[in-house]
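Dear colleague,

Please find below the structure I promised to hand over, together with its sequence.

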Amino acid sequence: MIDQNSIDALFNSARTQNGWVDQPVTDPQLKQIYDLAKMAPTSANAQPARILFLRSQEAKERLRPALSPGNLAKTMAAPVVAIVGYDLNFHERLPQVFPHNPDMKKGFDGDANLAKRQIFAFRNGTLSGAYLIMAIRAIGLGAGPMSGFDNAAVDKEFFPDGTIKSNFLCNIGVGDPSKVMGRLPRLSFDEACKIL
Ligand SMILES: Cc1cc2nc3c(=O)[nH]c(=O)nc-3n(C[C@H](O)[C@H](O)[C@H](O)COP(=O)(O)O)c2cc1C
């Protein structure tokens, strides 16, 4: 088991960040975040998540029109915002990432399997987005995930060929503790779980 400090940093003391101190997020940190998140599991090791890290003012300006009003200021001020997306053509890479079973790709090929790919890519892309949040916390940064934005507008602007779809956004930086909101209640084990 990992030590209590690490557990607290990942779960108990970690908070969703809404403001940032003036400290950059470096390219090596973004790579480190991805290199941790990529090791966590996805179905058939398919890894359908695709991530765009926006750091330049120019890139963030392209995102601005799609942001909901409540997410605008904190996102424009964030050192980096990640667009966590998923690739509907993830199956093209199955021979690379699932090489011992060449038949796996066939089960996803063609337009007839598009709906199946959508479910698969959304499920596993969402998992990888969650792993990304935990990786951000693991390297000592703060994460601010957001679904308050216009997905269609983001897809048109950043993924115009239509094969990658946006899932959620995640601001990344060193969080400003004064901007953290009050902790909201969590469901207890008995409210959310059953042991059969
Ligand atoms: C997928 C996802 C989408 C979210 N969307 C938004 C959002 O659009 N705007 C916002 O202010 N917070 C958003 N949140 C933040 C949640 O409200 C927050 O993580 C939750 O209340 C727990 O807060 P805590 O980590 O500080 O306990 C989102 C969180 C997640 C995981």
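**What was found**

The structure holds ten salt bridges, a salt bridge being a side-chain nitrogen of Lys or Arg within 4 Å of a carboxyl oxygen of Asp or Glu. Please keep in mind that this is a predicted model, in which local features need pLDDT of at least 70 and side-chain atom pairs count only at pLDDT 80 or more, while totals for chains, interfaces and linings use all residues. Residues are numbered from 1 along each chain as its sequence is written, and side-chain values use heavy atoms, with hydrogens and water left out.

One of the salt bridges joins the side chains of Asp27 and Arg55, at 1.9 Å from N to O. This pair links distant parts of the chain, 28 residues apart, with Asp27 in helix 2 and Arg55 in the loop between strand 1 and helix 3 (57–63); helices (H or I, at least four residues) and strands (E, at least two) are DSSP runs, numbered from the N terminus.

Turning to the ligand, its surroundings are formed by Arg15, Thr16, Asn71, Lys74, Pro145, Met146, Ser147, Gly148, Arg183, Leu184 and Arg186, each with a heavy atom within 4 Å of the ligand. Helix 4 (69–77) and strand 3 each supply at least two residues of this shell. Among the polar contacts (pairs of N or O atoms within 3.5 Å), a ligand oxygen lies 2.5 Å from an N or O atom in the side chain of Arg183. A polar backbone atom of Gly148 is 2.9 Å from an oxygen atom of the ligand, and a polar backbone atom of Pro145 is 3.2 Å from a nitrogen atom of the ligand. The protein covers 64% of the 630 Å² of accessible area that the ligand has on its own, by the Shrake-Rupley method with a 1.4 Å probe.

The largest pocket has a volume of about 350 Å³, a volume being the space filled by probe spheres set on the points. Of the 17 residues that line this pocket, Arg15, Thr16, Arg183, Leu184 and Arg186 are the closest to its centre. Strand 3 (142–146) gives the most to the lining, with three residues.

The count comes to one cavity of 30 Å³ or more, and the largest cavity has a volume of about 100 Å³. Its lining includes Tyr34, Lys38, Gln47 and Ser128, and helix 2 (27–37) and strand 1 (49–54) are the elements that give two or more residues to that lining.

With best wishes

Methods. 1 Å grid on protein atoms, 1.4 Å probe; cavity = no way out; pocket = protein on both sides within 12 Å on 5 of 7 lines; lining within 4 Å. Polar contact = N/O pair within 3.5 Å; in protein donor to acceptor, adjacent residues only side chain to side chain.
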